Every structure is written in C-alpha cells, then in structure tokens.
Amino acid sequence: MNLKSTLQRSRSLGLGIGAVLAICFLISPVLAGSESAGGVGKIPRLAGGRPDFSGIWQTTSAADQGLEPHEARKGAPPSAGIVEGDVIPYTPEALEKKKKNFETRATADPRLKCWTLGTPRGIYYPEPFQVFQRAQDLTLVFEFGDSVRTIHTDGTLHPLETDHEFWLGDSRGHWEGDTLVVDVRDFNDQTWLSRAGDFHDEALHVVERWKLIDANTIDYKATIEDPKVYSRPWNIEVYLYRHREKNFQLIENYCYTQDYDQYYPIPKQQ
C-alpha cells in the first residue's frame, strides 16, 4: 500500500486528519524502506545501456601508503590494506629490493620526482580523478601530475609490437554484463605501486574490474602479475566514491619538488 491509497482508504472510513496523520507517521518508515530498497542497484547508464562511470572519484583508503596491512608510522596512518590475503607474493630477490625501497622511500618514491603515478596506483592515490565516458572509450584525468589515461572499449587490441613501454600501460576494455574488464599491459618499470616501496618490472600485467554498486560507489578490483617480481598473480580491491559537493572540480596539481626552486627561483623583492 502506498501513501496515496492509504489516504484514500482513511477518508473512505471517515477518519479525521489527526488519524490520517498518525497512520502516515506509522507507515512512513516502511514506505521509506521499500523505496530505498527499490533504489538499490540503480546506476547511471549511457544511451546504449552501458553503465556510465562519468564523474569525479576518489578513494578514502590509505592504500597508497602501503597495499599490505600496516600500523601507523611516521607520515602514514594505519591501514587494513587492500591485498587479498594481506601479503604481496614477492619472490625472495624482489622482496629484498622492496625492503630497500621502503628504507629510502622518503626520497626514492618516483612520485617525488613528479613522475606519472602509473596503473593501478593512480586509482587509489589520495587525490581525485575524473572519468569522461563515451561508447568507444573512457578518458581518465588525474589531478596529480595532469596525467591522462584512455581505456579503449571499441574492440581494438593491444599493439602487436612488444617494445612499447608506457607509464600508464595500454588499456583495452570489454564488458561482462555491467562490469568493465580492462586488460592493461606494455608498461615501463619506472613507477611504484605505493609509498611503501611496492614495485614492478616492465612485465607488469594488470586486469581491472570496474563495477558500479550504486550511483555513487565503484567497486574497483585488479589482478596484478609480473613473473619477474611476484611468485603468482595477486588481487586488490578498493571502493571509489563520487564527489558530489557543489562546484567540485579537479585542481591542477602538477607536483612540487625541492629542485623546483633551483630552476624556478622566486624573484627577490627589492
């Protein structure tokens, strides 16, 4: 029974306005619950029916500080991690390199050189990014570093040449129902996966799964493999939330390094 039929039924029974209001008060939580349940799963879609990821998104996790669970440390909050099984399966040799990266992270992290964050790090980095979507592709614009990534969804394949080394990889997507599955390969080895020194080689291969669980939340999953660094493929999962603040927009954050002042000194005031 909806609110309109309740009012009509109450009037037919000769109930006064006070009784009608009382009935409405009692059933309003039920009505609200049914309407809320009916709204679950409703997501924005393009004209052709595909889910529409357009918007500005950002994680609330501390994944960029370290993908594995970690306690609070200088400059980093604690985190439950986003790695399935909690541990990244480094080979013994790669684990030693990861430890060295961690020890020198205050200066060695490529992001401190204003380099592109890479994939998937740009997705869970703690700054917003914007998605522009068309039927044939998605364009991701990242606030940090002004990076731009294209995910092709028009059925085209990765380049046949194998000597490409892209900062963000080459992204080719297809749809499995309402889930966008993106195959990303052809990387260079110049980016890290987190501030904790998690790294990869040029053999990195990432398979992303993007799914809207409601109009304002994306469930982002990725399978990561690199036989030169990891003993097996491993998975991460993080939620992304839509920015809905009035007039919210990306603000240019090209980056800043200590060397900047050396090359672009501020003129001294006379």
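Predicted model: local features only at pLDDT ≥ 70, side-chain atom pairs only at ≥ 80, totals over all residues.
Residues are numbered from 1 along each chain as its sequence is written, and side-chain values use heavy atoms, without hydrogens and water.

**Aromatic pairs**

I looked up the ring pairs and found 11. Rings of Phe, Tyr and Trp (its six-membered ring) pair if their centres lie within 6.5 Å; planes under 30 degrees apart count as stacked, over 60 as edge-to-face and the rest as tilted.

I took Trp-115 and Trp-167 next. Their ring centres are 5.6 Å apart and their planes stand at 70 degrees, so this pair is edge-to-face. Trp-115 sits in the loop between helix 4 (105–108) and helix 5 (121–124), and Trp-167 in the loop between strand 4 (148–152) and strand 5 (170–176), so the pair ties together parts 52 residues apart in sequence. Helices (H or I, at least four residues) and strands (E, at least two) are DSSP runs, numbered from the N terminus. Trp-115 is partly exposed at 29%. Trp-167 is partly exposed at 33%.

I returned to Phe-129 and Phe-142. Their centres are 5.5 Å apart with planes at 35 degrees, so the pair is tilted. Phe-129 is in strand 2 (residues 129–133) and Phe-142 in strand 3 (residues 137–142), 13 residues apart. Ring pairs also join both to a cluster with Phe-53, Trp-175, Trp-210 and Tyr-220.

**Cavities**

I found two cavities of 30 Å³ or more. A cavity is a set of points on a 1 Å grid over the protein atoms alone where a 1.4 Å probe fits but cannot get out; lining residues have an atom within 4 Å of a point. Points are joined across faces, edges and corners, and the volume is the space filled by probe spheres set on them.

**Ser-194**

I found Ser-194 in the loop between strand 6 (179–185) and strand 7 (205–214). Ser-194 is buried, because its relative accessibility is 0%. Leaving out residues up to four places away in sequence, I saw Ser-194 touch Ala-63, Asp-64, Gly-66, Leu-67 and Arg-121 (contact means heavy atoms within 4.5 Å).

Notes: Buried < 20%, exposed > 50% of the residue type's maximum accessible area, 1.4 Å probe, protein only. 1 Å grid on protein atoms, 1.4 Å probe; cavity = no way out; pocket = protein on both sides within 12 Å on 5 of 7 lines; lining within 4 Å.
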